[in-house]
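Open your viewer and get ready to click through the model stop by stop. Each stop tells you what to select and what is there.

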Amino acid sequence: MELKYLANSFKTTLNSIYDEDEAHAIFLMAIEEVLQYSKGDYQLKKEEVLSETNTIKLEGILTELSTGRPVQYVLGKSHFYGLTFKVNESVLIPRPETEELVEWIVSVCNMQFAADQQSLNILDIGTGSGCIAIALKKHLPMARISALDIAEDSLALAQENALLNQVDVEFIHDDILNPQPSTLQLKPTIIVSNPPYIKEDEKQDMHHNVLVHEPHRALFVSNEHPLIFYHAISDFALKNLAVNGFLFFEINEFLGKQTIDLLASKGFENIELRKDMQGKDRMIRCIKPLGGTA
């Protein structure tokens, strides 16, 4: 089979799930994985006849994709902040908006701690694949990075990703809604979290692929208590964050004001809400005040 015909097969098979541009982008990801071909290579080699082995591999990928399984899970990897991460159905697929949160933290650290990066102690709560913690360690190599999650299967994958990306991150198994007495050796100077924040009544607006394949424990909260994780993590930060330490959150775009009000009610200061590249309220940063306690 010629490569261009396989590209058309991806487009027609996936047209009920993805639009034409998305289907082609997925095809390019598949040939990069199997053939190590870039987009430019494809343009030059459209007429190439695939070997039987590679045809079988790519058709197998297409068969999985036709079920609605996300390409990142089919290929077993995803890209985030210039790094490659193993992913499976135990963790969320890393999102571009979370890259923006990492970029904000790196920028703050480079400004505030440029002369003393070794004093940085960062804790990522609800680490999932480890993408936030590992990306921060890669770009702030002198910082001490820890990452916490309730799910042992997620932590196992995050540890694999730390090895894959050749960074040293301490992983902690705990439930932030019912945390054990803190075993942190040092008070964090920064706590970051991208916790579950999608309300149950927002499911109807989500892509079917996400609902069926990505872990609901990492996505959804009840309509009655949509900020449950923000309450718990901010209380944890009041007890454990260093004075004048930073707390960063990724947030539900529809709950920006409520999240600000929650943090203000607990005494956090210098609360800043930022929009993502799509103009949606997506990130918050605040500072623990002198004498702040839960």
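In which helix does Ile56 lie? Select Ile56: the helix is α4, residues 52–65. Helices and strands here are DSSP runs, numbered from the N terminus, with at least four residues (H or I) for a helix and at least two (E) for a strand.

Before moving on, note that this is a predicted model, where local features need pLDDT of at least 70, side-chain atom pairs count only at pLDDT 80 or more, and totals for chains, interfaces and linings use all residues. Residues are numbered from 1 along each chain as its sequence is written, and side-chain values use heavy atoms, with hydrogens and water left out.

Back to Ile56. It counts as exposed because its relative accessibility is 53%. Exposed means over 50% relative accessible area, buried under 20%, and partly exposed in between (1.4 Å probe, protein chains only).

**Stop: Asp149**

Select Asp149 in strand β4, residues 144–149. Asp149 is buried yet has no salt bridge. A salt bridge needs a side-chain nitrogen of Lys or Arg within 4 Å of a carboxyl oxygen of Asp or Glu. The nearest side chain of opposite charge is Arg217, 5.7 Å away. For charge, Lys and Arg count as positive and Asp and Glu as negative; His and the chain ends are not counted.

What does the side chain of Asp149 reach? Show the backbone nitrogen of Ala151, at 2.9 Å. This is a polar contact: a pair of N or O atoms within 3.5 Å, where within protein one must be able to donate a hydrogen and the other to accept it, and residues adjacent in sequence count only if both atoms are side-chain atoms.

Next, show the surroundings. Leaving aside neighbours within four places in sequence, Asp149 is in contact with residues including Gly126, Ser154 and His173. Contact means heavy atoms within 4.5 Å.

**Stop: Asn209**

Move to Asn209 in helix α9, residues 208–213. Asn209 is buried, with a relative accessible area of 7%. Its side chain reaches the backbone oxygen of Gly68 at 3.0 Å. Not counting residues up to four places away in sequence, Asn209 touches Ile17, Tyr18, Gly68, Pro70 and Glu214.

**Stop: the aromatic rings**

How many aromatic pairs does the structure hold? There are 7. Rings of Phe, Tyr and Trp (its six-membered ring) pair if their centres lie within 6.5 Å; planes under 30 degrees apart count as stacked, over 60 as edge-to-face and the rest as tilted.

Select Phe80 and Phe85. They form an edge-to-face pair, 6.1 Å centre to centre with 80 degrees between the planes. Phe80 and Phe85 are both buried.

Now pick Trp104 and Phe248. Their ring centres are 5.4 Å apart and their planes are at 85 degrees, so this pair is edge-to-face. Trp104 lies in helix α6 (residues 96–112) and Phe248 in strand β9 (residues 246–250), so the pair ties together parts that are 144 residues apart in sequence. Trp104 is buried, and Phe248 is too.

Then select Phe10, Phe27 and Tyr42, which form one aromatic cluster.

**Stop: two backbone angles**

Most residues other than glycine have a negative phi. Select Tyr81, in the loop between β1 (77–80) and β2 (83–86). Tyr81 is not a glycine, yet its phi is positive, about 50 degrees. Now select Asn244, in the loop between α10 (228–240) and β9. Asn244 is not a glycine either, and its phi is positive at about 65 degrees.

**Last stop: salt bridges**

How many salt bridges does a search of the whole structure find? It finds 18. Select Glu64 and Arg69: their side chains meet in a salt bridge (2.5 Å, N to O).

Next, select Glu253 and Lys280. They form a salt bridge, with the closest N and O atoms 3.7 Å apart. Glu253 lies in the loop between β9 and α11 (256–265) and Lys280 in the loop between β10 and β11 (281–287), so the pair ties together parts that are 27 residues apart in sequence.

The side chains of Arg282 and Glu253 meet in a salt bridge (3.7 Å, N to O).
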